[in-house]
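This report walks through the fold of one protein chain. Please keep the sequence and the 3D view open while reading.

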Amino acid sequence: MASRKTGSDFCSLLNSKYSQLTGIVATDKVISCTYIISARYRDPTLQGELPFVTSIADSREDSIKEAESASEEVQVFTDGSALNGKVGAAAILTREGKPPRALHLALGPESEHTVHEAELVGILLGMHLISTERRGNATFALGVDNQAATSAFHSALRNPGHHLAREILQVANRTQKRRRKGRYKLTIRWTAGHEGIKGNEDADREAKRAAEGLTPDKWALPPYLRKPLLINPAAAKRDHHEGLKKIWKKEWTATARGQKAARIDGTTPSKKFLKSVSQTELSRIDASRIAQLRLGHAPVNKYLKRMGRVDSARCPACGDDEETPEHFLIHCPSYAHERWALAQQAIKLRKALTMETLLGEPEMARTLAKYIRATNRFRQPGSSDQT
Ligand SMILES: [Zn+2]
């Protein structure tokens with residue numbers, strides 16, 4: 001292992017855990033790592049290493065023209081697709097005078113795999129068709145309707161799913177080496193989707209069949225795809241996040257605070273609320289005051305009395321019996337002067353000056369923050385700003 005530079009961090013971590021557990025000092029033989037990830041930044045295009053030409057037209061129109069005038073003898077189209085929560089990939093190879101060859105792979109549920117990953121699987125299937133094609137000393141084109149997949153090879157190949165791009169490069173390299181003496185040439189070409197390019201549409205149709213579960217006998221697949229694919233971290237994360245959001249939403253709407261906020265804005269919890277308090281003009285303190293007012297736990301006296309922090313719920317400014325958020329924001333006569341700007345902003349938004357307008361309108365947030373600051377109501381004694 002000492003002689004291997006790549007992947008050594010992972011191995012040395014394993015080895016150090018092993019020595020902690022056993023007291024044995026790690027040697028090369030303790031754990032042998034077969035999963036090697038290059039830690040070095042690589043840009044194959046800069047090194048002139050790519051075993052194919054990539055062609056990404058400047059526009060969709062140019063891409064269609066390029067696809068129509070393609071002169072390669074063998075045309076391969078690949079695609080990845082999601083259907084009913086499941087992901088599939090396919091590749092079709094056509095050559096004049098021969099029946100087309102196709103490969104499919106059902107990747108699995110969207111909770112474990114992404115369409116981007118499927119696009120790369122499609123290219124790998126296409127590469128396999130190319131490398132197993134008889135009379136391989138020919139010119140090949142591989143059409144992909146996805147620019148991100150096409151340009152993945154120009155990146156550092158370190159994103160989740162890029163293990164597939166690395167495998168594609170390896171198969172392409174081996175194929176090129178085997179056919180070096182012939183006139184073998186491969187072009188990977190972006191062919192804009194949904195533009196009526198026939199190969200694209202065929203590949204799309206086949207990828208959807210794959211998503212529905214069509215997969216051949218595993219021996220027909222490239223060796224890399226004979227084992228189940230690693231779960232894609234991006235898909236797993238997204239799935240986990242969706243699950244969390246659902247739980248949170250359910251719990252949130254069941255709480256008293258959630259119900260209070262729902263009265264102001266029926267879409268809560270929502271991006272609208274987050275947007276209204278995450279404007280760059282608002283300080284963290286402004287945002288938290290507005291959130292407190294929305295949720296009904298701003299430190300006004302009615303709330304503080306309930307918490308046992310003050311003796312009376314009375315408004316300290318005008319002496320009214322109860323200082324509620326609504327009293328503070330809308331009714332307290334002591335803040336009539338400060339409230340003028342709020343009324344003006346409400347008129348501008350063509351809204352009545354209500355709690356819903358004040359706390360539910362993102363375009364109200366800045367004026368509201370100014371009002372809260374101007375009243376000095378929440379300024380703590382001895383502090384330079386509201387806390
Ligand atoms: Zn008052």
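Strand E3 is largely enclosed by the rest of the structure, because eight of its 10 residues are buried. The coordinates come from a predicted model. Across the protein, buried residues make up 31% of the 387 residues.

## The sheet

The protein has 15 helices and six strands. An open sheet of six strands runs in the order E1-E6-E5-E2-E3-E4. Its pairing is mixed. E1 and E4 (101–109) stand at the edges with a single partner strand each, so one side of each has no neighbour in the sheet. On average, neighbouring strands are turned by 15 degrees against each other, direction ignored.

Helix H6 (residues 198–211) packs on this sheet. H6 touches E2, E3, E4 and E5. The direction of H6 makes about 45 degrees with that of E2.

| Strand pair | Sense | Bridges |
|---|---|---|
| E1 (residues 53–55) and E6 (residues 185–190) | parallel | three bridges |
| E5 (residues 139–144) and E6 | parallel | six bridges |
| E2 (residues 74–83) and E3 (residues 86–95) | antiparallel | 10 bridges |
| E3 and E4 | antiparallel | eight bridges |

Start with E6. Thr54 stands opposite Ile188 in E6. Thr139 stands opposite Lys185 in E6.

Now take E3. Gly80 has Ala89 in E3 as its bridge partner. For Ser81, the bridge partner in E3 is Gly88. On the E4 side, Leu93 is bridged to Arg101 in E4.

Two hairpins link these strands. The hairpin of E2 and E3 has two residues between the strands. Asn84 takes a positive phi there, near 50 degrees. The hairpin of E3 and E4 has five residues between the strands. In that hairpin, Gly97 takes a positive phi near 80 degrees.

## Helix H3 against helix H5

Two packed helices are described by the angle between their axes and the distance between the axes. What are these values for H3 and H5? The axes of H3 (residues 115–131) and H5 (residues 162–178) come within 9 Å and cross at roughly 15 degrees. H3 and H5 are therefore roughly parallel to each other. The crossing of H3 past H5 is left-handed.

From H3 come Glu117, Leu120, Val121, Ile123, Leu124, Met127, His128, Ile130 and Ser131. They meet Leu164, Ala165, Glu167, Ile168, Val171, Ala172, Arg174 and Thr175 in H5. By class, this contact of H3 with H5 has 11 nonpolar, three polar and three charged residues.

## Helix H13 against helix H15

The next pair lies later in the sequence. The axes of H13 (residues 336–348) and H15 (residues 365–375) come within 9 Å and cross at roughly 170 degrees. That angle makes H13 roughly antiparallel to H15.

H13 contributes Glu338, Arg339, Ala341, Leu342 and Gln345 to the contact. H15 answers with Thr367, Leu368, Lys370, Tyr371, Ala374 and Thr375. The class count for H13 with H15 is five nonpolar, three polar and three charged residues.

Is Leu358 buried or exposed? Leu358 has 25 other C-beta atoms within 10 Å, so the residue is buried. Leu358 lies in helix H14 (residues 355–360).

Which residues touch Leu358, leaving aside its neighbours within four places in sequence? They are Leu329, Leu342, Met364 and Leu368. Leu342 and Leu368 also take part in the contact of H13 with H15.

Gln345, in H13, gives a distance to compare with sequence separation. Leu358 and Gln345 are 13 residues apart in sequence. In space they are 9.6 Å apart, C-alpha to C-alpha.

## Contacts over the whole chain

What share of contacts between residues at least 6 apart in sequence joins residues at least 24 apart? The share is 68% in this protein.

Methods: Residues are numbered from 1 along each chain as its sequence is written. This is a predicted model: local features need pLDDT of at least 70, side-chain atom pairs count only at pLDDT 80 or more; totals for chains, interfaces and linings use all residues. Axes are lines fitted to C-alpha atoms, for helices over the stretch in contact, and angles run from 0 to 180 degrees between N-to-C directions. Helices (H or I, at least four residues) and strands (E, at least two) are DSSP runs, numbered from the N terminus. Angles under 35 degrees count as roughly parallel, over 145 as roughly antiparallel, 65 to 115 as roughly perpendicular and the rest as oblique. Two residues are in contact if their C-beta atoms, placed from the backbone, lie within 7 Å. Ala, Val, Leu, Ile, Met, Phe, Trp, Tyr, Cys and Pro count as nonpolar, Asp, Glu, Lys and Arg as charged, and the others, Gly among them, as polar. A crossing is left-handed if the near helix is turned anticlockwise from the far one by less than a right angle, and right-handed if clockwise. Two strands pair if DSSP finds at least two bridges between them. A residue is buried if 20 or more other C-beta atoms lie within 10 Å of its own, exposed if 12 or fewer, and partly exposed in between; C-beta atoms are placed from the backbone.
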